[in-house]
Amino acid sequence: MGSEKKISLPAKLISGGVAGLVGVTCVFPIDLAKTRLQNQQREGVYTGMRDCLVKTLRSEGFFGIYRGAAVNLTLVTPEKAIKLAANDFFRQLLLQDEKDLTLPREMLAGCGAGTCQMVVTSPMEMLKIQLQDAGRLAVHQQKVLGADGPMTASSHLPPVSASTTDRTSAFRRPSATVIAKELLQIQGLAGLYKGLGATLLRDVPFSIIYFPLFANINKHGQRHTGEKASFFHSFVSGCVAGSVAAVTVTPLDVLKTRIQTLQKGLGEDTYNGIIDCARKIWMHEGPAAFMKGAVCRAMVIAPLFGIAQGVYFIGIGEYILGYFQ
């Protein structure tokens, strides 16, 4: 990206955090629909994104479409801050003699950013998915058992060795605190990082695609070398790069979501690793299942990263730090 302006690390972290908060607040309901659609197996509850959101609003109310948002909003600040700041750090580290970065170096910087964010992304996704999918499990159980009346509830996650009988217990809407506590008690810290390999498999390729693509599109909005592009151009660049990267890695996102979902509905497959998950999806649901939620994912990632990059390139962090100096 040419002679890239050096911004202090605190400013990068503040800008990345603010950008993440704004983006997640705007697109979280679509993200919830994505998770529920991706977790559907042969006995589908929802026919699509709109059907999912409508049914969620009817059965769980307005706050139902924001279930899990508290976890995301709490952890997205450090996650986005690390991701965006790490990418800038690696770009500057790889920049030589104030020349443009080559594409391989841009991809390497994106790889570094995607790897660094895992310390936050993996547990955040683990907790968020359990909360987002709880409503689908309740509806799925009601559909399979033909239960009448309001959906019953269970806040507890079954142990790792839970039997089918455990899965027939009623579903109460869980809380992130209860889920985290039970995971730590049963599996230790490793429980919060279940699916780390699948998360890396998704996020590293995403970052390798996203950051170089964004940088090259955004560069066309710079009138002079080293000058920032306009907010609108950065926003559009983030949307385009985000949607392309998101759709490309959707099959990996499906695997990650399935592996990190701890509690399955009646008759749904359980998985023992990435290869087992991919094999069972292919055999039982067909290749099209790997693209479940692709439209939702594009609709989440495009504005999320568009807003993130727009706010980030405005320099909110620099402004806030400057205000207190």
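Axes here are lines fitted to C-alpha atoms, for helices over the stretch in contact, with angles taken between N-to-C directions from 0 to 180 degrees. The model described is predicted.

Helix H9 (residues 196-219) takes part in a crossing with helix H3 (residues 69-94) and in another with helix H11 (residues 250-260).

| Pair | Axes come within | Crossing angle |
|---|---|---|
| H3 and H9 | 12 Å | roughly 70° |
| H9 and H11 | 8 Å | roughly 155° |

H3 and H9 are therefore roughly perpendicular to each other, and their crossing is right-handed. On the H3 side, the contact is made by Lys83, Leu84, Asn87 and Arg91, while H9 contributes Phe206, Ser207, Phe211 and Ala215. By class, this contact has 4 nonpolar, 2 polar and 2 charged residues.

H9 and H11, by their angle, are therefore roughly antiparallel, and H9 passes H11 in a left-handed crossing. Here Ala198, Thr199, Leu201, Arg202 and Pro205 of H9 meet Leu252, Asp253, Lys256, Ile259 and Gln260 of H11. The contact of H9 with H11 has 5 nonpolar, 2 polar and 3 charged residues.

**Nonpolar cores**

The largest nonpolar core has 40 residues, and those with the most contacts inside it are Tyr46, Leu127, Phe206, Tyr210, Ile301, Leu304 and Phe305. Among the elements that give two or more residues to this core are H3, H9, helix H5 (118-145) and helix H13 (294-314). Leaving aside neighbours within four places in sequence, Leu127 is in contact with Val71, Ala176, Ile179, Ala180 and Leu192.

A second, separate core of 9 residues includes Ala198, Ile259, Tyr271 and Ile281. Of these, Ala198 and Ile259 also belong to the contact of H9 with H11.

Conventions:
Residues are numbered from 1 along each chain as its sequence is written. This is a predicted model: local features need pLDDT of at least 70, side-chain atom pairs count only at pLDDT 80 or more; totals for chains, interfaces and linings use all residues. Side-chain values use heavy atoms; hydrogens and water are left out. Helices (H or I, at least four residues) and strands (E, at least two) are DSSP runs, numbered from the N terminus. Angles under 35 degrees count as roughly parallel, over 145 as roughly antiparallel, 65 to 115 as roughly perpendicular and the rest as oblique. A crossing is left-handed if the near helix is turned anticlockwise from the far one by less than a right angle, and right-handed if clockwise. Contact means heavy atoms within 4.5 Å. Ala, Val, Leu, Ile, Met, Phe, Trp, Tyr, Cys and Pro count as nonpolar, Asp, Glu, Lys and Arg as charged, and the others, Gly among them, as polar. A nonpolar core is a set of buried Ala, Val, Leu, Ile, Met, Phe, Trp, Tyr and Cys residues joined through side-chain atoms within 4.5 Å. Buried means under 20% relative accessible area, exposed over 50%, partly exposed in between (1.4 Å probe, protein chains only).
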